[in-house]
Amino acid sequence: MMQFKVIVRNFSSSSAMQSAIKNVTVIGGGLMGSGIAQVSAQAGQNVTLVDVSNDALAKAKKSIGTNLSRVAKKMYKDNPQEGEKFVNDSLGRINTATDAAEASKSADLVVEAIVENIGVKHKLFKQLDGVAPSHTIFASNTSSLSINEIASVVKRKDKFGGLHFFNPVPVMRLLEVVKGSETSEATYKTMMEWGKSVGKTCITCKDTPGFVVNRLLVPYICEAIRLYERGDASARDIDIAMKLGAGYPMGPLELADYVGLDTNKFILDGWHKKFPDQQLFKPIPLLEKLVAEGKLGVKTGEGFYKYEKK
Ligand SMILES: CCCCCCC[C@H](O)CC(=O)SCCNC(=O)CCNC(=O)[C@H](O)C(C)(C)COP(=O)([O-])OP(=O)([O-])OC[C@H]1O[C@@H](n2cnc3c(N)ncnc32)[C@H](O)[C@@H]1OP(=O)([O-])[O-]
Ligand SMILES: NC(=O)c1ccc[n+]([C@@H]2O[C@H](COP(=O)([O-])OP(=O)(O)OC[C@H]3O[C@@H](n4cnc5c(N)ncnc54)[C@H](O)[C@@H]3O)[C@@H](O)[C@H]2O)c1
């Protein structure tokens, strides 16, 4: 078991940094959207979590409940009653919905965390731009797409930016706040304040591929896969090397399995298309093979490693 010390902050609304954002609509109730909904509700905000799938919403509510209990256990270890109240109050602030347009009508901030597909994101934001109040800020949690490109379909380009969270959202302390070329200073400031209000340390990023973290992380993971593919070291040894030699909580191949090999491939393919001469972004035959075989990592039970299905 890897060791990872979680720093628990006090998220009660009285002590958390106040934000101008009171009503948050999170679109996409998967891995990331459920985490974003959780940290917003913990910070005292009213959240509407939207997904096209009722099953995804039910799964999201269940995992949010479990993860809130983990937080409460640490935060209120001497006062379980308060802990229970924290969990129930936070859950009580989260409504679920399947109609994104309707759910955006009362939002101060819309955070999009749906599939990493520019066409699908465009369709969503175009629809929301027509119905959300004029003050509403739109943000995307995209891992690898350009904020300017996503924002190109809306009229409110000054009120559009990137809010890039990290997986698992309740644990990872960083938030990348991405300024598009037309993001206004007021929108940027509000996004920074909101990020702090949900307990994150915010950094400012330009709209460059991968922002900061993924611009460094993607080549690192790709080089680890290539090293393994060449037979220079075993998967286990590569992961041990980076955990014990560089202090990372997970090795690069474990992390690739955790994020999903399909996601790894999707990011790499997109960047290769954009920057065909960049050696680091060239396709990796082993990654292609694993994805073609449906070995996508933890979520399918096999990637570089095998996992017990839960
Ligand atoms: C081509 C490349 C592609 C790149 C793709 C990029 C994708 C994306 O854009 C960017 C990313 O996100 S990049 C990805 C960035 N992410 C990384 O790089 C992640 C790197 N990995 C890690 O940081 C650690 O391995 C984990 C924290 C994941 C698990 O830690 P562990 O020690 O192996 O396992 P543990 O003992 O179970 O848990 C430890 C503690 O965490 C707590 N907890 C866990 N989940 C929780 C939840 N959902 N809620 C609340 N709490 C949760 C748990 O209760 C425990 O607390 P305690 O107080 O200690 O009892
Ligand atoms: N997985 C990660 O580690 C990670 C980290 C940071 C950022 N991201 C980014 O966050 C976004 C979401 O990733 P994820 O891993 O949570 O994906 P996911 O597949 O777990 O969840 C996506 C959810 O969006 C829903 N959805 C799809 N289209 C929709 C629509 N039009 N309206 C409403 N809901 C819709 C799906 O039903 C699904 O539940 C992507 O842009 C991804 O690049 C992912």
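Me: A residue is near a molecule if one of its heavy atoms lies within 4 Å of it. In this predicted model, which of the 18 residues around ligand 2 come nearest?
Reply: M32, D51, E116, K121 and S143 come nearest, out of the 18 residues around the ligand. By class, this shell holds 8 nonpolar, 7 polar and 3 charged residues.

Me: What distances do the backbone atoms of L31 and I114 give to ligand 2?
Reply: For L31, a backbone N or O atom is 3.0 Å from an oxygen atom of ligand 2. For I114, a polar backbone atom is 3.3 Å from an oxygen atom of the ligand. Both values are within 3.5 Å, so both pairs pass. As for area, ligand 2 taken alone exposes 840 Å², and the protein buries 79% of that.

Me: Why is Q42 called buried?
Reply: Buried means under 20% relative accessible area. Q42 has 4%, therefore it is buried. Q42 is found in helix α1, residues 31-42.

Me: What makes the pair of side chains Q42 and Q38 a polar contact?
Reply: The side chains of Q42 and Q38 make the contact at 2.8 Å.

Me: Why is F211 counted as buried?
Reply: Its relative accessibility is 5%, and the cut-off is under 20%, so F211 is buried. F211 is placed in the loop between β8 and α8 (213-229). Its phi is near 50°, a positive value in a residue other than glycine.

Me: How do you know that β4 and β5 pair, and in which sense?
Reply: Strands pair if there are at least two bridges between them. Strand β4 (residues 109-112) and β5 share 4 bridges, so they pair, in the parallel sense. V110 has F138 in β5 as its bridge partner. From β4 the chain passes through helix α5 (residues 118-131) to β5, a right-handed β-α-β crossover.

Me: Which residues of β5 point one way, and which the other?
Reply: In strand β5 (residues 137-140), I137 and A139 point one way, F138 and S140 the other, and all are buried.

Me: What makes β5 and β6 a pair?
Reply: There are 3 bridges between β5 and strand β6 (residues 160-164); at least two are needed, so they pair, and they run parallel. A139 has G161 in β6 as its bridge partner.

Me: How do you know that β7 pairs with β6 and with β8?
Reply: The threshold of at least two bridges applies again. Strand β7 (residues 174-179) is joined to β6 by 4 bridges, running antiparallel, and to strand β8 (residues 201-206) by 6 bridges, running parallel. Both counts reach the threshold, so both are pairs. L163 stands opposite V177 in β7, and L175 stands opposite C202 in β8. Between β7 and β8 the chain goes through helix α7 (residues 185-197) in a right-handed β-α-β crossover.

Me: What joins N167 and P168, and what is omega there?
Reply: A cis peptide bond joins N167 and P168, with omega about 0°. P168 has its place in the loop between β6 and β7.

How values were computed:
Residues numbered from 1 in each chain as written. Chains lettered and ligands numbered in written order. Predicted model: local features only at pLDDT ≥ 70, side-chain atom pairs only at ≥ 80, totals over all residues. Heavy atoms only, no water. Polar contact = N/O pair within 3.5 Å; in protein donor to acceptor, adjacent residues only side chain to side chain. Areas by Shrake-Rupley, 256 points an atom, 1.4 Å probe, with all protein chains shown as cover. Nonpolar A, V, L, I, M, F, W, Y, C, P; charged D, E, K, R; others polar. Buried < 20%, exposed > 50% of the residue type's maximum accessible area, 1.4 Å probe, protein only. Right-handed = clockwise from strand over helix to strand, strands pointing away.
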